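User: I'm new to this one and would like a quick tour. Can we go through it together?
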Amino acid sequence: MVRAVDVVRVLDSGEACPELPIVENGGRALAVVWPGVGALHRSMHLVRLDGDGRTKPLSHPSDAVYHLCEGSATAVDPGSGESFEIGVGAMLHIDAGTTYRIEAGPAGALLIGGPCPPDPALYDHLEN
């Protein structure tokens with residue numbers, strides 16, 4: 001018998017991925033690895049922000065990690081206003097319960113990542 005943990009899957013980050021309502025201005029976010037495809041311990045979202053685009057303020061019950069693949073971005077703590085510049089190739093780690101927002105630079109940003117384990121609240125709009 002093959003268990004789900006013994007299966008290797010290749011997932012496409014194309015249009016078949018559900019959109020996540022986490023972008024506040026300029027861009028979109030897609031769920032690539034999430035509970036809807038059987039992921040129990042990890043989520044991976046493709047977040048493309050237009051120039052000067054940004055996510056909504058986010059907070060999760062678990063840590064979140066993002067990798068900046070293209071462009072430039074700033075991680076912002078909306079409460080304190082503290083911010084951290086992120087360069088291509090950088091990893092951004094956010095502690096559980098921390099509120100954050102990601103803001104793209106003038107040329108936009110492409111990030112991949114998300115909370116680990118997945119935050120069920122991100123997928124509430126997809127429930128039938």
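This is a predicted model: local features need pLDDT of at least 70, side-chain atom pairs count only at pLDDT 80 or more; totals for chains, interfaces and linings use all residues.

User: Where is histidine 60 found?
Analyst: Histidine 60 is in the loop between strand 3 (44-55) and strand 4 (63-76).

User: Is histidine 60 buried or exposed?
Analyst: Histidine 60 is buried, because its relative accessible area is 5%, under the 20% cut-off.

User: What does the side chain of histidine 60 make a polar contact with?
Analyst: The partner is the side chain of aspartate 119, at 2.8 Å.

User: Let's zoom out. How many helices and strands does the chain have?
Analyst: The count is 0 helices and 7 strands. Read from the N terminus, the order of elements is β-β-β-β-β-β-β.

User: What share of the residues count as buried?
Analyst: Of the 128 residues, 38% count as buried. The chain exposes about 7,200 Å², and carbon and sulfur atoms supply 55% of that area.

User: And what share of the contacts with a separation of 6 or more comes from residues 24 or more positions apart?
Analyst: Such residues account for 67% of those contacts.

User: New topic. How many disulfides are there?
Analyst: The structure holds 0 disulfides.

User: How accessible is cysteine 17, and how accessible is cysteine 69?
Analyst: Cysteine 17 counts as buried at 9% relative accessibility, whereas cysteine 69 is partly exposed at 30%.

User: OK, salt bridges. How many are there?
Analyst: There are 4 salt bridges. As background, side chains of opposite charge can pair when their charged atoms come close.

User: Which side chain does arginine 28 meet in a salt bridge?
Analyst: Arginine 28 meets the side chain of glutamate 19, at 3.2 Å from N to O. Arginine 28 is partly exposed, with a relative accessible area of 29%, and glutamate 19 is partly exposed at 39%.

User: What about glutamate 70, which residue does it form a salt bridge with?
Analyst: Glutamate 70 pairs with arginine 48, their closest N and O atoms being 4.0 Å apart. Glutamate 70 lies in strand 4 and arginine 48 in strand 3, so the pair ties together parts that are 22 residues apart in sequence. Glutamate 70 is partly exposed at 42% relative accessibility, and arginine 48 is partly exposed at 42%.

User: Which residue does glutamate 103 pair with?
Analyst: Glutamate 103 forms a salt bridge with arginine 101, and the closest N and O atoms are 2.7 Å apart.

User: Are those two buried or exposed?
Analyst: Glutamate 103 is partly exposed, with a relative accessible area of 25%. Arginine 101 is buried, at 17%.

Technical notes:
Residues are numbered from 1 along each chain as its sequence is written. Side-chain values use heavy atoms; hydrogens and water are left out. A disulfide is a pair of cysteine sulfur atoms within 2.5 Å. Buried means under 20% relative accessible area, exposed over 50%, partly exposed in between (1.4 Å probe, protein chains only). Helices (H or I, at least four residues) and strands (E, at least two) are DSSP runs, numbered from the N terminus. A polar contact is a pair of N or O atoms within 3.5 Å; within protein, one must be able to donate a hydrogen and the other to accept it, and residues adjacent in sequence count only if both atoms are side-chain atoms. Contact means heavy atoms within 4.5 Å. Accessible areas come from the Shrake-Rupley method with a 1.4 Å probe; for residues, only the protein chains shown count as cover.
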